[in-house]
Amino acid sequence: MITDSSWNAEEHDRALAGLAARENFPVAARLLPRRHRADLLAVYGFARLVDDIGDEAPEEQRGKLLQLVDDDLDRVYAGVAPELPQLRRLARTVHARSVPQDPFRRLVQANRQDQAVHRYETWDELVAYCRLSADPVGRIVLHVFGADGRGLEEASDRVCTALQVIEHCQDVGEDFRRGRVYLPAADLRRFGCTDDDLGRARTPTRLRGVVALEAARARDLLDRGAPPLMAGLRGWARFAVAGYVAGGRAALTGLARGRYDVLAHASRPGRAALLAGWSAGWARALERGER
């Protein structure tokens, strides 16, 4: 984690190994052939680096560190060796898979925005933020698997936005402690919620209603985005994306089973639930003959 001015990129890089073992993103990646696994973990390492700078670095250093990432992206695309280990690893993926720079730039911009914008008024504003913070990851994954240019971008964006919104639902308390509220303000007012509700030990009924609303919107995005995305993918690409979609659906199930009490306990699906969901989704695709 990035906790003080002595932050070291190599130390952060080593810490990613432990984080990758616990988080949802790499679950499907660990089942893939080495060539795909290395590329996806390089992307994961970059995304975590940028997020950790935006969330954990001393506030006065965040802008400087994000600029360092941007400068290293310049080096990557100029064919010059970058300084940060995460960018050195990413450079191999970028050049091998011909990944454009715009998605990476948007991920950095999302974290710059996090430093200035701490709340979103409407659902549409939150979706616009997800275009920076989430959708670029899906675009990168399409390039990693050579699936870009097939008209799958809109479906991918829906899935990625859904996964980001689900994460915001899970992390209401943590985000609030960091001074951020991603649940749309208009919805909080509609249900009669106040900031006091966001800081409680248990989720009051009115706040559960907001979380349920956003979870339902995320489920709708998944339902509209996942089928065309899966239908347009083949082989290992479909295998990996099925894992990500399964993670989102398992998280939605966990939220519902917990009655949307996201403040009293963590609502994270276990590895068994993720793999079971992945297997079910993969089986559905095979039953449709989508090989």
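Why are Arg217 and Glu214 separated by about one helical turn? I noted the answer at once: the two residues are 3 apart in helix α12, so about one helical turn lies between them.

**Entry 1. Basis**

I am working with a predicted model, in which local features need pLDDT of at least 70 and side-chain atom pairs count only at pLDDT 80 or more, while totals for chains, interfaces and linings use all residues. Residues are numbered from 1 along each chain as its sequence is written, and side-chain values use heavy atoms, with hydrogens and water left out.

**Entry 2. Overall make-up**

I counted 14 helices and 0 strands in the protein chain. Both are DSSP runs numbered from the N terminus (helices: H or I, at least four residues; strands: E, at least two). The chain has 291 residues, and 53% of them count as buried. I use buried for under 20% relative accessible area, exposed for over 50%, and partly exposed for values in between (1.4 Å probe, protein chains only).

The accessible surface comes to about 13200 Å², with 49% belonging to carbon and sulfur atoms. Those areas come from the Shrake-Rupley method with a 1.4 Å probe; for residues, only the protein chains shown count as cover. I then looked at contacts (heavy atoms within 4.5 Å). Of those between residues at least 6 apart in sequence, 71% join residues at least 24 apart.

**Entry 3. Salt bridges**

I searched the whole structure and found 25 salt bridges, each a side-chain nitrogen of Lys or Arg within 4 Å of a carboxyl oxygen of Asp or Glu. Arg217 forms one with Glu214, where the closest N and O atoms are 3.0 Å apart. Glu214 counts as buried because its relative accessibility is 1%.

Arg217 also forms a salt bridge with Asp187, at 2.8 Å between the closest N and O atoms. This pair links distant parts of the chain, with Asp187 in helix α10 and Arg217 in helix α12, 30 residues apart. Asp187 is buried at 7% relative accessibility, whereas Arg217 is partly exposed at 24%.

I next recorded the salt bridge between the side chains of Asp55 and Arg178 (3.5 Å, N to O). Here too distant parts of the chain are linked: Asp55 is in helix α2 (residues 34-56), and Arg178 is in the loop between α9 (172-177) and α10 (185-190), 123 residues away. Arg178 is partly exposed, at 33% relative accessibility.

Which residues have the most contacts inside the largest nonpolar core? I found Phe46, Val69 and Leu87, in a core of 77 residues. Such a core is a set of buried Ala, Val, Leu, Ile, Met, Phe, Trp, Tyr and Cys residues joined through side-chain atoms within 4.5 Å. Beyond its neighbours within four places in sequence, Leu87 is in contact with Phe46, Leu49, Val69, Asp72, Leu73, Val76 and Pro82.

In helix α6 (residues 123-133), I listed Trp123, Leu126, Val127, Tyr129, Cys130, Leu132 and Ser133 as the buried residues. They pack against α5 (102-116), α7 (135-144), α8 (153-170) and α12 (205-232).

Ser98 has a positive phi of about 55 degrees, although it is not a glycine. I located Ser98 in the loop between α4 (85-97) and α5, and its relative accessible area of 55% makes it exposed. The Ser98 backbone oxygen lies 3.5 Å from a polar atom of the His143 side chain. His143 belongs to helix α7 and is buried at 15% relative accessibility. Leaving out residues up to four places away in sequence, His143 touches Arg97, Ser98, Val99, Pro100 and Asp148.

**Entry 4. Arg202**

I placed Arg202 in the loop between α11 (195-198) and α12; it is exposed, at 53% relative accessible area. Arg202 and Ala264 are 62 residues apart in sequence but 4.6 Å apart in space, C-alpha to C-alpha. The Arg202 side chain makes a polar contact with the side chain of Asp261 (3.0 Å). A polar contact is a pair of N or O atoms within 3.5 Å; within protein, one must be able to donate a hydrogen and the other to accept it, and residues adjacent in sequence count only if both atoms are side-chain atoms.

**Entry 5. Cysteines**

I found 0 disulfides, taking a disulfide as a pair of cysteine sulfur atoms within 2.5 Å. Cys169 is buried at 0% relative accessible area, and Cys193 counts as buried at 12%.
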